[in-house]
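Me: I would like to go through some local features of a structure by question and answer. Please show the sequence and the coordinates first.
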There are 2 protein chains.
Amino acid sequence: MSLAATPAPPYYAVIFTSVATGEDPAGYAAVAERMVALAAAMPGFLGIESVRGADGVGITVSYWASEEAIRAWYQHAEHREAQRLGRERWYGRFELRVSRVERAYGFDTSAR
Amino acid sequence: MSLAATPAPPYYAVIFTSVATGEDPAGYAAVAERMVALAAAMPGFLGIESVRGADGVGITVSYWASEEAIRAWYQHAEHREAQRLGRERWYGRFELRVSRVERAYGFDTSAR
């Protein structure tokens, strides 16, 4: 996974930071991969960036065209089930922040 | 580093995603650590979360009380010098997004 190619602001970013329990890594990996594919097929999806460190801390930022698009994604039945499993099994802690991107700036050496 | 304990919204999040070149890892680590300490001492700083994966992709989210606080941090002389080195040496690519956090929700098994 690399960086997301998002359009000019404004758009929305869902910042999901978590501490993994380390339980059931194969189940987690399979569902995480499925959720990325499912999110990407939702209306208003703009991109996703996700990193997990060796210490179990992870940050996933998904980008969306509107708050309505974010709501629809969080209410998707399969995503709801994944959220339930996340609370029950995979995450010891998480923070979810919905934000509106006001300004953006990029840098790419290959574009020099 | 763990998750940031931020106040109730609204507040601001600077989402910095990058691809590291892998050049000069010791110099990078030292400056990155110094920048976290320096940011934490700035007025309006609320917290920071940072993860870099084995593939070189990193996400750092810093939280701020206002856009003015973010501007002051980006104009800090020592931070400006670190930004210059980042473009010149440490990052092949990055995206910087300034966003306003509208809603937040947390989960902590230890608080059950």
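Reply: Buried means under 20% relative accessible area, exposed over 50%, and partly exposed in between, with a 1.4 Å probe and protein chains only. This is a predicted model, in which local features need pLDDT of at least 70. Residues are numbered from 1 along each chain as its sequence is written.

Me: Is D24(A) buried, exposed or partly exposed?
Reply: D24(A) lies in the loop between β1 and α1 of chain A, strands (E, at least two residues) and helices (H or I, at least four) being DSSP runs numbered from the N terminus. Its phi is near 50 degrees, a positive value in a residue other than glycine. Most residues other than glycine have a negative phi. With a relative accessible area of 29%, D24(A) is partly exposed.

Me: Where is D24(B), and what is its phi?
Reply: D24(B) counts as partly exposed at 29% relative accessibility. The residue sits in the loop between β1 and α1 (25-40) of chain B.

Me: Why do the buried residues of α3(A) line one face of the helix?
Reply: The buried residues of α3(A) are H79(A), A82(A), Q83(A), L85(A), G86(A) and W90(A). Seen down the helix axis, they line one face because they fall within an arc (of the directions from the axis to the C-beta atoms) of 165 degrees.

Me: Which bond joins P9(A) and P10(A)?
Reply: P10(A) is in the segment before β1 of chain A. Omega between P9(A) and P10(A) is about 5 degrees, and the bond is a cis peptide bond.

Terms used. Chains are lettered from A and ligands numbered from 1 in the order in which they are written. This is a predicted model: local features need pLDDT of at least 70, side-chain atom pairs count only at pLDDT 80 or more; totals for chains, interfaces and linings use all residues. Side-chain values use heavy atoms; hydrogens and water are left out.
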